[in-house]
Amino acid sequence: MSNNLLRIQGLNVSITNRSGQTVQILRDVSVSAQDGGILGIVGESGSGKTMLLRSIMRILPENATQGWGAIDFDGRDVREDFARSRLPISMVFQDPLTSFNPLRRIGGHLTEVIKRFQGVRGKAAHELAVQALTQVEIPEPARVLGQFPHELSGGMRQRAMIAMALLVQPKLLLADEPTTALDATIQAQILALLAKLRQEEGLTVMLVTHDLGVVAALCDRMLVMKDGVVVEEGDVEAVFASPQHPYTRQLLDATPNVMGGAHE
Amino acid sequence: MSEAEVPLGLPLVRATDVTKTFRVRDRGGSARHITAVDRVSLEVFPGETLAVVGESGSGKSTLGRAILQLDTPTSGSVEFEGTELTTLRPRERRAFQRKMQIIFQDPYASLNPGRTALQQVLEPVQLAHESDPVARATWALEQVGITGEQVHKLPRAFSGGQRQRIAIARAISVRPSLIVCDEPVSALDMSIQAQITVLLRELQAELGLSYIFISHDLAVVREIAHQTAVMYRGRIVELGATETIFGSPQHPYTKRLLGAILVPDPAVARVRLQQLSAQVSEPLELDPAGGLVEVSRGHFVYR
């Protein structure tokens, strides 16, 4: 059995809205991310899958409260100091355009992260930024550093965001629908990049998606969420071959088979 | 109901060499032109769906807006029911625009948060001088499955799928013959996507509607479209019956696009992703002097 990089038990998150009502967003969620594995988290919007990532990242909305049973990271109980200590985790989002400051060049974004997380500045930081863009296979990295976010294509922007996330030197990368806004060819490139980073750097990934094709192609294990609860968890092959929970079966049935025979 | 007023066999929409350029300023302040849609020609027949697929930035949405005259094409012609739209005066154009509706990706952004479902639909119905607006609006909401007390609720009381239903009710309420659907299900969950796709097909069969269906989701396109146009860098690079495009794609970009689909089957999808990551994907160059060539009946490829 492989080691878990992250293991969470009994995570509860609730949000109090303006009229004072409390809505439970996540209920007794337990999740484990195997070291060097890619975990897919699927479910419909409102199922709590994004909130799960945001809880781990500690970027919940202000009106949210959360409670944990247990959190282990890299074999260590981090429940006590989770809020204070900075764990090697970073996150990428669906729309990289909203994650970048539009008035700042790509180089400015990257060197700031380098300065903050690696304590390096100046020419050395520039070198590291070039390396980061090279690692995510952006052609002409030196030129791209001088560009503004809007000047990059959607796929290149997503690569630049992954580069920025990697400069934090994470062991765990959280990815929230990273390819949903991209067309099929660009999606495949980004997924291939994540597969490479896992292979070559041993990066652990937790990937939220509503696309079961993405899970099938990339993930080892998967978690199915509905209404804030985990309804099924297992190896990707096993879950696709014989889904146990009715909701998982429903999700698999709802997926159109694009390359199949003529539809009715 | 809305019957197409053109003889069968004639296109409802015929776009010829439609071009749309935008003037942009680059960092140095010097102006240049970007051609978002480049000499695009297509036809949409009554009761049929033409899908427009391609990567973001390929010009799909701009093409849809140019056909609807929401943005006037820079050059080229758009005929609707046999009438040239680009040279019409604004008042004449408005009569045609009622027959051409549009629905968008994000139904929350396209609905007024302060008005009930019924009020949302009443607005266009009243502008179209229907004799009994409330009856017409109620009918339209019924068609999409919003009934009873629900019609008096505000958008926030509805789910994303239901909001998209209200947007569809708005569109069909004024008896259009064409609806441009711009990524209508991209923001919705899989099972809701399927429901909306089925609804659009049913409405098409009942009301004889034509759709221009803009999408980057090839699975949905295959479910709904009779004809498919593949766009790349502002041009249509392949056009034909949907089954032909998916079954025997000819243009390198179409092949690349279809080859990148990941089916929800781990054994197949994994191998596919490995193959894709081994390939170097150079940008494809289009011959600027090229054009669509008919390779078999009704199947056109850019050469």
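**Stop one: a buried aspartate**

Select Asp38(B): at 16% relative accessibility it counts as buried, where buried means under 20% relative accessible area, exposed over 50% and partly exposed in between (1.4 Å probe, protein chains only). Before you go on, note that this is a predicted model, in which local features need pLDDT of at least 70 and side-chain atom pairs count only at pLDDT 80 or more, while totals for chains, interfaces and linings use all residues. Residues are numbered from 1 along each chain as its sequence is written, chains are lettered from A and ligands numbered from 1 in the order in which they are written, and side-chain values use heavy atoms, with hydrogens and water left out.

Color by secondary structure and you'll find Asp38(B) in strand 2 (residues 31–44) of chain B; helices (H or I, at least four residues) and strands (E, at least two) are DSSP runs, numbered from the N terminus. Now show the side chains of Asp38(B) and Arg235(B): a polar contact of 2.5 Å joins them. That term covers a pair of N or O atoms within 3.5 Å; within protein, one must be able to donate a hydrogen and the other to accept it, and residues adjacent in sequence count only if both atoms are side-chain atoms. Setting aside neighbours within four places in sequence, Asp38(B) is in contact (heavy atoms within 4.5 Å) with Val18(B), Thr19(B), Gly234(B) and Arg235(B).

**Stop two: Leu178(B)**

Next, select Leu178(B), in strand 7 (residues 178–182) of chain B. At 0% relative accessibility, Leu178(B) is buried too. Its contacts beyond four places in sequence include Leu12(B), Val44(B), Leu68(B), Phe80(B), Met100(B) and Ile212(B). For a distance check, pick the C-alpha atoms of Leu178(B) and Arg89(B): they are separated by 20 Å, with the two residues 89 apart along the chain.

**Stop three: where A meets B**

Zoom out to both chains. The contact takes 42 residues from chain A and 33 residues from chain B. Which residues form the salt bridge here? Pick Arg270(B) and Glu237(A), whose closest N and O atoms are 2.7 Å apart; the term means a side-chain nitrogen of Lys or Arg within 4 Å of a carboxyl oxygen of Asp or Glu. The count between the two chains is one salt bridge.

Now highlight helix 7 (184–201), helix 8 (212–218) and helix 9 (236–241) of chain A, each of which supplies at least two residues of the side touching chain B. Helix 7 gives the largest share, eight residues.
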